[in-house]
Amino acid sequence: SPDPAARIAELCRQLNDANYRYHVLDDPAIPDAEYDRLLRELDELEAAHPGLASPDSPTQRVGAAPSGAFDEVRHAIPMLSLGNAFSEEEVRDFVRRIDERIGRESPRFSVEPKLDGLAISLRYEGGRFVQGATRGDGATGEDVTANLRTIKAIPLALRGEGWPGVLEVRGEVYMPLDAFKAYNARALADAGKGGGDKVLANPRNGAAGSLRQLDPRVTARRPLAFYAYGTGAVEGGTLPDTHSATLARLRDWGFPVSAQSEVVEGAEGLLDYYQRMGEARDGLPFDIDGVVYKLDDYEGQREMGFVSRAPRWAIAHKFPAQEQSTL
Ligand SMILES: Cc1ccc2cc(C(N)=O)cc(O)c2n1
């Protein structure tokens, strides 16, 4: 049989590549059954050669139950909450304030849907996922690293090159609607036979509840997804000058980013995007409760600063409340 170390390295590469193509490019390379077969082969090889199992191996995503509650994590850079706009007038005020404060006639904005999930922060050192935490109150969150490792959309090691020595990525963990419905249908059916998983009230609670499980093996059974929407601490490297260019780099490094993100210009561009996303909303594979507008250039963001914990350079424009997803 070929050298086990070489076979293990090849299987890790194939499985990580399959994850990237499935979760980031939305272009699966191999069918699920093939993915599972490769993962089983890797599991058996690592069991036979324990010294050869790398901590970044796809088999290391599901750990055992930890001790007790979650440790606290202090966010070196606070995780922002967003100010809200509910009307066209408030959006125009937002753009006008930017023009008045930093003299931008028709600024460019990075825009994307606002997913209804749970905000988290992921820390990478030397390109490896070392810690993940919930937003908490923005300054301090809970260490849910073991649970986040079970989410295949979150890379255990960065791809490509040029990433900083320390990189924190902020994003939203969410439960896709189809997966939510399939999970509940199965949980309901199993309940009928006196066993099975808990039925979830709605996708947002499903995501929050799944991440707060003390046992990562329970989290691993939940259909969770993730998409990156920003960065936190960055050391030993630099990011591009705009948010949109940073999102493109995050995608190259292995993070899913919103397929609906765009760059638009001025209040008209924002309102047109809001209109289009409002029309597309019911066809999206996840719940959204609005769209997010961000001044795209970081220089402008620095000049605009923050009001208490919310940035002056970004707002969420919310849709009218929608009846909750049915069970
Ligand atoms: C700065 C910031 C804070 C919270 C966010 C939340 C979402 C979201 N829920 O999708 C998207 C973003 O771009 C965000 N951006």
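Author: The face of helix H5 that points away from its buried side carries Asp178, Arg186 and Gly192, which are exposed. Exposed here is a relative accessible area over 50%, buried is under 20%, and partly exposed is in between, with a 1.4 Å probe and protein chains only. This is a predicted model, in which local features need pLDDT of at least 70 and side-chain atom pairs count only at pLDDT 80 or more, while totals for chains, interfaces and linings use all residues. Residues are numbered from 1 along each chain as its sequence is written, and side-chain values use heavy atoms, with hydrogens and water left out.

H5 spans residues 177-192, 16 residues in total. The distance from its first C-alpha to its last is 23 Å, close to the 22 Å expected at 1.5 Å a residue; the expected span is 1.5 Å times one less than the number of residues. Helices (H or I, at least four residues) and strands (E, at least two) are DSSP runs, numbered from the N terminus.

The buried residues of H5 are Leu177, Phe180, Tyr183, Asn184, Ala187 and Asp190. They lie on the same side of H5 because they cover an arc of only 160° around the axis, the arc being that of the directions from the helix axis to the C-beta atoms. Helix H6 (203-211) is included in what covers these buried residues. After H5 comes Gly194, with a positive phi near 75°.

Ser210 belongs to helix H6 and counts as buried because its relative accessibility is 0%. Beyond its neighbours within four places in sequence, Ser210 is in contact with Asn147, Met175, Thr219, Arg222 and Leu224; contact means heavy atoms within 4.5 Å. Pro285 sits in the loop between H9 and strand S10 (288-295). With neighbours within four places in sequence set aside, Pro285 is in contact with Pro176 and with Leu177, and Leu177 is one of the buried residues of H5. Pro285 itself is partly exposed, at a relative accessible area of 46%.

H1 can be described in the same terms. It has 20 residues and reaches 28 Å from first C-alpha to last, close to the 28 Å expected at 1.5 Å a residue. Ile8, Leu11, Cys12, Leu15, Ala18, Asn19 and Tyr20 are buried in H1, and their cover includes helix H2 (32-48) and helix H8 (243-252). The axes of H1 and H2 come within 10 Å and cross at roughly 150°. These axes are lines fitted to C-alpha atoms, for helices over the stretch in contact, and the angles run from 0 to 180 degrees between N-to-C directions. The crossing of H1 and H2 is left-handed, a term that applies if the near helix is turned anticlockwise from the far one by less than a right angle, with right-handed for clockwise.

In that contact, residues of H1 including Ile8, Leu11, Cys12 and Leu15 meet residues of H2, among them Leu38, Leu39, Leu42 and Leu45. By class the contact has 12 nonpolar, 2 polar and 4 charged residues. Ala, Val, Leu, Ile, Met, Phe, Trp, Tyr, Cys and Pro count as nonpolar, Asp, Glu, Lys and Arg as charged, and the others, Gly among them, as polar. The loop between H1 and H2 holds Asp26. Its phi is near 50°, positive in a residue other than glycine, and Asp26 is exposed, with a relative accessible area of 66%.

From H3, Glu88, Val91, Arg92, Phe94 and Val95 meet Ala267, Glu268, Leu270 and Leu271 from H9. These residues divide into 6 nonpolar, no polar and 3 charged. Arg92 and Pro2 are 90 residues apart in sequence and 65 Å apart in space, C-alpha to C-alpha. Pro2 is in the segment before helix H1 (4-23) and is exposed, at 61% relative accessible area.
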